[in-house]
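Visitor: I am new to this structure and would like to be shown around. Please take it one question at a time.

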Amino acid sequence: MAKEAIKIAIPKGYLFEPCVGVLEKAGYDVSFLLEDNRKLSIYSSRDSIVYIISRPMDVPVYVEHGACDLGFSGKDALMEKESKVYELLDLKNGECRIILATLKNEIENVKKHYSRFGVVKVATSYPNIARKYFDEKGIQAEIIKLHGSVELAPALGIADEILDITSTGRTLEDNNLVEMSEIAVSTTRVIANATSYRVKYDLINNFINKIKSVIK
């Protein structure tokens with residue numbers, strides 16, 4: 001009888017290599033995931049694990065709806081999606097910060113918006129995080145959702161600020177932007193589908209314990 005498999009969603013992009021690196025350190029065969037000619041989205045390994053390579057924002061969705069048992073997700077995606085999943089482990093890698101930023105020469109104008117309770121226009125790929133943040137602050141904000149290059153919005157005159165993630169701050173600097181405030185710090189989390197965690201409890205816990213053993 002074939003071993004029961006665990007399906008794990010791994011995000012594309014900057015979190016991909018850190019996540020695969022942790023799996024490799026834990027003793028899992030992931031060499032096929034690191035091949036340059038990788039074109040597939042679903043891979044089966046000899047460790048009885050099926051890997052689904054996904055857009056970062058889709059990982060919490062796949063896990064919540066049971067398409068995957070586990071997932072590696074940035075905290076930023078979890079905050080944005082507000083998915084009903086179990087957060088099992090912080091890998092403490094892929095760190096970035098969720099921040100508000102504006103053009104250097106617009107700092108005083110933005111501060112005036114705040115002090116006079118005016119409406120602030122904010123461009124972001126994280127509309128839910130932005131809406132929740134400004135609601136909690138009691139600040140009126142017009143949220144402008146963009147799917148990329150949000151740093152261009154202030155220069156194009158469509159937003160006063162951006163809410164985005166940053167790791168090195170290089171993109172902010174390159175676009176003449178300055179950080180106004182930090183909203184949260186995001187690292188990679190291992191998440192589980194609620195039903196899978198009950199049904200595959202031993203398999204999942206064994207996997208988590210292996211991952212824990214290689215986290216510094």
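Visitor: What volume does the largest pocket have?
Guide: This is a predicted model, in which local features need pLDDT of at least 70, side-chain atom pairs count only at pLDDT 80 or more, and totals for chains, interfaces and linings use all residues. Residues are numbered from 1 along each chain as its sequence is written, and side-chain values use heavy atoms, with hydrogens and water left out. A pocket is an open set of points on a 1 Å grid over the protein atoms alone, where a 1.4 Å probe fits and protein lies on both sides within 12 Å along at least five of seven lines; points are joined across faces, edges and corners, and the volume is the space filled by probe spheres set on them. For the largest pocket that volume is about 780 Å³.

Visitor: Which residues lie nearest the centre of the largest pocket?
Guide: Lining residues have an atom within 4 Å of a point. S4, helix H3 (75–81), strand S9 (161–166) and helix H6 (170–174) each supply at least two residues of the lining; helices (H or I, at least four residues) and strands (E, at least two) are DSSP runs, numbered from the N terminus. The lining has 36 residues, and nearest the centre are Met57, Ser125, Tyr126, His147 and Ile165.

Visitor: How many helices and strands are there in the chain, and how many residues?
Guide: The C-alpha atoms fill a box of roughly 70 × 35 × 30 Å along the principal axes. Of the residues, 44% count as buried, which means under 20% relative accessible area, with exposed being over 50% and partly exposed in between (1.4 Å probe, protein chains only). The chain has eight helices and 11 strands, in 216 residues.

Visitor: In the open sheet of six strands, which are the edge strands?
Guide: Two strands pair if DSSP finds at least two bridges between them. The order of this sheet is S2-S3-S1-S4-S11-S5, with mixed pairing. An edge strand pairs on one side only, and here the two are strand S2 (42–44) and strand S5 (86–90).

Visitor: What angle does helix H1 make with S1?
Guide: Helix H1 (residues 16–25) packs on the sheet and touches S1, strand S3 (49–54), S4 and S11. Axes are lines fitted to C-alpha atoms, for helices over the stretch in contact, and angles run from 0 to 180 degrees between N-to-C directions. For H1 and S1 the angle is about 145°.

Visitor: Is proline 11 buried or exposed?
Guide: Proline 11 lies in strand S1. Leaving aside neighbours within four places in sequence, proline 11 is in contact (heavy atoms within 4.5 Å) with Phe16, Cys19, Ser54, Pro56, Val59 and Phe72. At a relative accessible area of 1%, proline 11 is buried.

Visitor: Which residue in S9 is the bridge partner of alanine 101?
Guide: S6 and S9 run antiparallel and are joined by five bridges. The partner of alanine 101 in S9 is isoleucine 162.

Visitor: Is lysine 92 buried or exposed?
Guide: Lysine 92 is found in the loop between S5 and strand S6 (96–103). Its phi is near 60°, a positive value in a residue other than glycine. With a relative accessible area of 56%, lysine 92 is exposed.

Visitor: Which side chain does threonine 187 join in a polar contact of 3.0 Å?
Guide: Threonine 187 is in the loop between strand S10 (177–186) and strand S11 (188–192), and counts as buried at 8% relative accessibility. A polar contact is a pair of N or O atoms within 3.5 Å; within protein, one must be able to donate a hydrogen and the other to accept it, and residues adjacent in sequence count only if both atoms are side-chain atoms. The partner side chain is that of arginine 189.
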